Amino acid sequence: MVTNFHKTLVIVAIVTTFASGCRSTKEYKKFAEAGNNFVTATDTLLDAASDITINTTSERILSDRISSGEFKAGDEAAQKFIERYDKLSASDKQRLELIKELRKHNYFLQNYFNKLIELADSDSADETKTAVENIVSQLKESGIKLVKLSSVKVDKLPSVTKIVLDARIRGALRDELEKRKFTIYQEITLQEKVLKAISNSIENDMEILRNFQEYRLVVKPIVQSESIDPDTWIQTRYKVMMQDADIISKINNASNTLTKFKGIFIDSIEGDITSKRLNNFIRKTNSFSTLVSEQK
């Protein structure tokens, strides 16, 4: 599922108009483009995280098979090997499910902000209110799944004690934000922390992957082969040692961007957002997205 974080960003910017007056269409366009670039970059990072998870397990299994010696299909040694494989594969599937749920969670957030715009156009949008209830229910269910699939604990998430809505936000929109502001804050925080958890979990995977591949592709060939091509061996070693070297910092960067986005959400409904801050966020988001794109 393709995430819609860019739409979420621009919708929050539009909600801001109800609190702090109209901004230019050009400014909103820049904000949307920045969000679009960010979601593309984040998807790239999540894809890389999935690849690292799968490849690390494949290297583990390959090493296990080589060290297990000879066995025949159906015998005890083969059965034990299959059991080890199934355990490792199950862990992979859980990680991939976490990433899938993270994208789904963001999709529900985007839908929620879409509905805020509809509420802003009416004081009695009963149909929209019902849709909002359904979306929030799905969002919270997805959040519960994220907690179960990850190491993030709800009681460890930071909370806010006070969010005072700007007096210029009125009608159905105000009612909804008063009712759900803490829930949305919590769900954005959860998404931010899950990204951080993914970064932490793949750090160990990357070290293991590099060690396995260094032995299999670098050490073993130069020890066992009578003749190797020096240039090819050097290139292989470089690739093994440098692969995905900065992906952790990039995922952390994405998580930090969500932290800033959360602040923009709060300030927008409190009427405290400024053009300077918005433009600074756009600039940093585009710089991050460009960096990821250039190093794919």
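Before you start clicking, one term: a residue is buried under 20% relative accessible area, exposed over 50%, and partly exposed in between, using a 1.4 Å probe and protein chains only. This is a predicted model, where local features need pLDDT of at least 70 and side-chain atom pairs count only at pLDDT 80 or more, while totals for chains, interfaces and linings use all residues. Residues are numbered from 1 along each chain as its sequence is written, and side-chain values use heavy atoms, with hydrogens and water left out.

**The whole chain.** Show the protein chain as a cartoon: you'll find 8 helices and 0 strands. (Helices are DSSP runs of H or I with at least four residues, strands are runs of E with at least two, and numbering goes from the N terminus.) Of the 296 residues, 44% count as buried.

**Glu59 and Arg216.** Select these two next. They form a salt bridge, with the closest N and O atoms 2.6 Å apart; the term means a side-chain nitrogen of Lys or Arg within 4 Å of a carboxyl oxygen of Asp or Glu. Glu59 sits in helix α2 and Arg216 in helix α5, 157 residues apart, so the pair links distant parts of the chain. Glu59 is buried at 6% relative accessibility, while Arg216 is partly exposed at 31%.

**Thr57.** Stay in helix α2, residues 25-67, and pick Thr57. With a relative accessible area of 9%, Thr57 is buried. Set aside residues up to four places away in sequence, and Thr57 touches Leu88 and Asp92; contact means heavy atoms within 4.5 Å.

**Two stops in α3.** Select Arg95 and Asp205: their salt bridge has its closest N and O atoms 3.3 Å apart. Arg95 is in helix α3 (residues 76-120) and Asp205 in helix α5, 110 residues apart. Both ends are buried, Arg95 at 15% and Asp205 at 12%.

Now try Glu101 and Lys104, whose side chains meet in a salt bridge at 3.9 Å, N to O. Both lie in helix α3, 3 residues apart, or about one turn of the helix. Glu101 is buried at 2% relative accessibility, but Lys104 is partly exposed at 22%.

**Helix α4.** Highlight residues 126-149: these 24 residues reach 35 Å from first C-alpha to last, close to the 34 Å expected at 1.5 Å a residue. (That expected span is 1.5 Å times one less than the number of residues.) Among its buried residues are Thr128, Ile135 and Leu146.

**Last stop, Ile228.** Find Ile228 in the loop between α5 (171-224) and α6 (230-242). Ile228 is partly exposed, at 32% relative accessibility.
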